[in-house]
Amino acid sequence: MLDWIGHTFNLCLKDGVFPAIWKCANLVLIPKAVKPNVPEGNLPKVRSICLLDEIGKAFERIIAERIAAWQMGNPVSDLSANQFGFRRQRSSCDALLLVKEITSTAVRDGGFAIVISLDIRNAFNSIPWPNIHKSLRRMGFPDYLRRIIDSYLSERVIRFIGYDGGTQKRPTEAGVPQGSVLGPVLWNISYNNVLRVADDDENCHILCYADDTLIVATGNNITRTRVRACTVASRVISKIESLGLSVATEKTEATLFYGKRAGNLLDYITINQVCIDLAPSIKYLGVYIDNGWTFTDHFRYIEEKASRVIKTLNRLMPNLGGLMRIVVGYFPT
């Protein structure tokens with residue numbers, strides 16, 4: 001069987017064809033946590049996952065390895081060092097440590113740092129395929145890789161369960177399949193140009209973990225820092241929109257890092273005529289970061305979350321005396 005699979009993969013690479021049967025995905029919706037104060041009747045928040053053919057995913061991995069090998073030997077095609085998502089030996093901790101280093105250095109030198117977190121609406125499902133093709137061509141990938149990816153991104157079909165309980169099919173014309181091997185790779189390639197917006201400004205940094213985009217602007221003067229942050233944020237949003245994506249302005253967050261001897265501080269910044277309040281802390285990659293890096297708000301968030309879990313478990317185990325009695329039994333003082 002392995003010989004036949006290897007022969008099939010070689011033919012696919014030679015002819016630049018990704019078979020249609022491997023491009024049919026079964027859609028599975030995973031419910032997200034229910035948030036309080038959500039009006040009744042709204043559609044539930046879900047995370048979509050595509051279940052794909054395993055042989056096709058094995059072929060995707062071969063293509064992904066070839067893309068990585070090409071990028072390693074061709075720096076022009078490589079990704080920005082500030083992209084931490086879906087990359088080897090890079091994690092969310094590395095991204096947070098870089099943010100801490102940049103902001104702490106600015107404050108230690110008597111300056112300021114404004115950090116802006118952007119949220120992209122339905123990012124992975126919305127990226128247009130033509131923009132992925134343009135990114136591959138602009139970054140200089142070889143013809144055979146562009147041909148096979150063109151085939152990979154054509155005539156894709158999603159199967160799902162309809163309201164009547166029957167299986168339905170629907171063609172897709174945008175986005176990268178969530179649950180695929182190539183999807184994250186193609187996202188990074190297509191989004192890479194956004195991270196290059198501030199390459200010519202040493203006081204501005206754009207960091208990403210997948211689509212979670214963070215802008216860090218530093219300066220010795222708070223007014224100049226604000227102007228720099230707002231200008232770069234506007235440029236980044238414009239570049240994101242040029243990719244066929246949109247930023248959820250209502251979810252944009254910002255905070256200000258400053259030293260103990262700072263004078264008059266800012267209450268808000270304005271990005272594209274929208275006022276964004278400078279909060280004491282913002283949530284990035286699941287962690288609440290504040291201007292002193294004390295993680296006070298994050299520990300409060302974790303405490304509240306753990307309390308809800310404990311209360312739920314207590315209701316499930318009344319005959320055992322609740323969770324705390326079990327924990328004390330296992331870990332006596």
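1. Basis of the model. The structure is a predicted model, in which local features need pLDDT of at least 70 and side-chain atom pairs count only at pLDDT 80 or more, whereas totals for chains, interfaces and linings use all residues. Residues are numbered from 1 along each chain as its sequence is written, and side-chain values use heavy atoms, with hydrogens and water left out.

2. Overall make-up. The protein chain comes to 10 helices and 12 strands, these being DSSP runs numbered from the N terminus (H or I of at least four residues for helices, E of at least two for strands). Its C-alpha atoms fill a box of roughly 70 × 65 × 45 Å along the principal axes. Of the 333 residues in the protein chain, 38% are buried, where buried means under 20% relative accessible area, exposed means over 50%, and partly exposed lies in between (1.4 Å probe, protein chains only).

3. Contacts and surface. When contacts (heavy atoms within 4.5 Å) are taken between residues at least 6 apart in sequence, 69% of them in the protein chain join residues at least 24 apart. The protein chain exposes about 19,600 Å², of which carbon and sulfur atoms supply 54%; accessible areas come from the Shrake-Rupley method with a 1.4 Å probe, and for residues only the protein chains shown count as cover.

4. Residue I102. This residue has its place in helix α3, which spans residues 92-108, and I102 is buried at a relative accessible area of 12%. Leaving aside residues up to four places away in sequence, I102 touches H205, L207, V216 and T218.

5. Charge. The protein chain carries 40 positive and 32 negative side chains, and the centres of the two sets lie 2 Å apart; Lys and Arg count as positive and Asp and Glu as negative, while His and the chain ends are not counted. The place of a charge is taken as NZ of Lys, CZ of Arg, CG of Asp or CD of Glu. On the surface, K32, K45, R47 and K251 gather in a patch of positive charge, a patch being made of residues with over 30% relative accessible area and no salt bridge, with like charges joined within 9 Å. Among them, R47 lies in strand β2 (residues 46-51) and is partly exposed, with a relative accessible area of 44%.

6. Salt bridges around D201. The whole structure holds 7 salt bridges, each a side-chain nitrogen of Lys or Arg within 4 Å of a carboxyl oxygen of Asp or Glu. One of them joins D201 and R228 at 3.8 Å, N to O. Because D201 lies in the loop between α7 (182-195) and β6 (204-209) and R228 in helix α8 (residues 222-242), the pair ties together parts that are 27 residues apart in sequence. D201 is partly exposed at 24%, and R228 is partly exposed at 21% relative accessibility.

7. Two further salt bridges. R196 pairs with D199, the closest N and O atoms being 3.6 Å apart, and R196 is partly exposed at 33% relative accessible area. R300 and D297 meet in a salt bridge at 2.6 Å, N to O; both lie in helix α9 (residues 296-316), 3 residues apart, which is about one turn of the helix. R300 is partly exposed at 42%, as is D297 at 26%.

Notes:
Patch = residues over 30% accessible without salt bridge, like charges linked within 9 Å, V, L, I, M, F, W, Y side chains within 5 Å.
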